[in-house]
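Hello,

Here is the structure I promised to pass on to you. Please have a look at it first, and then read my notes below.

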Amino acid sequence: MIGAIAMLFRRETTLALRVGGGAMMGAVFFLTIVAIMPFAVGPDLNLLQRIGPAILWVGALLATLIGLDRLFQADHEDGSLDLLTMTELPLAVIVAVKAAAHWVTTGLPLVIAAPLLGLMLNVEPAALGAVALTLAAGTPALTFIGTIGAALTVALRRGGLLVPILILPLTVPVLIFGVSATNAAVTGPMAVSTPLTILAGLTLLSVVLAPIAAAAALRLAFD
Amino acid sequence: MLEFANPTRFMALSRSVLPWLWAAAAGVLAIGLVLAFRAPADYQQGLTVLIMYIHVPSAWLAMMCYAVIATSSVGTLVWRHPLADVSARAAAPIGACFTFLALVTGSLWGKPMWGTWWVWDARLTSVLLLFLMYLGLIALWRAFDDPARAARPVAILALVGFVNIPIIKFSVDWWNTLHQPASVFRFDGPTIDPSMLWPLMVMAVAFTLLFLAIHVAAMRNEILRRRVRAMRVKAASTLVPAE
């Protein structure tokens, strides 16, 4: 079973990293969002410093949703999803492995890029680490919640815009605690550990529950 | 439960019940409005307090509609009850309307009281997110060509949303608070004066009856719409090409 999981993980990451995979697309989208924000709010470095962590979090949230609609759709179209469901692995585990691989190829680059982009937004050095830490703790939750939307829209031709509409309201708690933890690390009187542990709890909860819901939704695609 | 599983029997039963439901809703609504207008004006808010008699029942109904959808979704997923999907689908636009009504009346009430149309306060924000979730459900329903195929995916989404509502509520409360806390359902009794509480309760009953009447009527429409669709598909498949 471990071997099958490792094989599936390697397949997913390889497919994402090769040409046509679109692994770096999320990171480039993240860079673009952060780059256009100063044009909207003005080049005032003090203002950017204050709202920098929020920009980084919103950018990461949107960038995580990019490419989610193809997570199961590509496998559904070429038939490999049918083969995957016929293995002895439970469908929820398959979903979890695919989500984990998707996070490693799209979420992890965001975590690594965030401190760099934070420098451009004049975010304090202390906050750079905090942003990276909270993104590392929170983006897996975004990816795993996103798998539910990806699974629900797998058989739809125009699922692309539907996934963010369905998923964004559900990601509000992650955003709230991610930004609070970052702000607590920089300014707040509150200890960082309070929002950070709640954020980690949300991530663990979604890692356990979201694959079950996504697997239930995927089974419907075979009816 | 099972004897109502047959849509034909539901149509016959609802045909006889529906006029009584409409009459009860209209009657209680009339009594509630008279009571509300005869209730004393608030010493601070004046006559704007009348908005409360629309706003508070709408907000309650907004949450109740989601509970109806979630319950129906369990019926769809567990028992594949044929009417459960019809019930959920009929309840979603009604719930979205009540949520919208709660937001609009709250905004109209907020302007004279708080001096602003909208504040990013915890309760307003969580109701706004509830509204977005209703729109998401409706959008997913409309994305499927075949309404029968949409039933179970939407049921899964409704239940995922239902699990998330307490988490969203908790985190938004944690985030910010200005709206007054709950003043009717409390462990130490309501803090609202009985002269206003009674009209409010009658209005809540009236809104619930109104919801039931609209819901049953919408379910009948949905069943008829599906029959028309089935007949059209059948007619199209047996169409004889013209000579």
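Two residues are in contact if their C-beta atoms, placed from the backbone, lie within 7 Å. This is a predicted model, in which local features need pLDDT of at least 70, side-chain atom pairs count only at pLDDT 80 or more, and totals for chains, interfaces and linings use all residues. Residues are numbered from 1 along each chain as its sequence is written, with chains lettered from A and ligands numbered from 1 in the order in which they are written.

Let me start with where the chains meet. Chain B brings 18 residues to the contact and chain A brings 17. On the side of chain B that touches chain A, helix 5 (147–175) and helix 4 (122–143) each supply at least two residues, and helix 5 of chain B gives the most, with eleven. Helices here are DSSP runs of H or I with at least four residues, and strands are E runs of at least two, both numbered from the N terminus. By class, that side of chain B has 14 nonpolar, three polar and one charged residues (nonpolar: Ala, Val, Leu, Ile, Met, Phe, Trp, Tyr, Cys and Pro; charged: Asp, Glu, Lys and Arg; polar: the others, Gly among them).

Now for chain A itself. Its secondary structure comes to ten helices and zero strands. Among contacts in chain A between residues at least 6 apart in sequence, 80% join residues at least 24 apart. The C-alpha atoms of chain A fill a box of roughly 55 × 35 × 30 Å along the principal axes.

Enjoy exploring!
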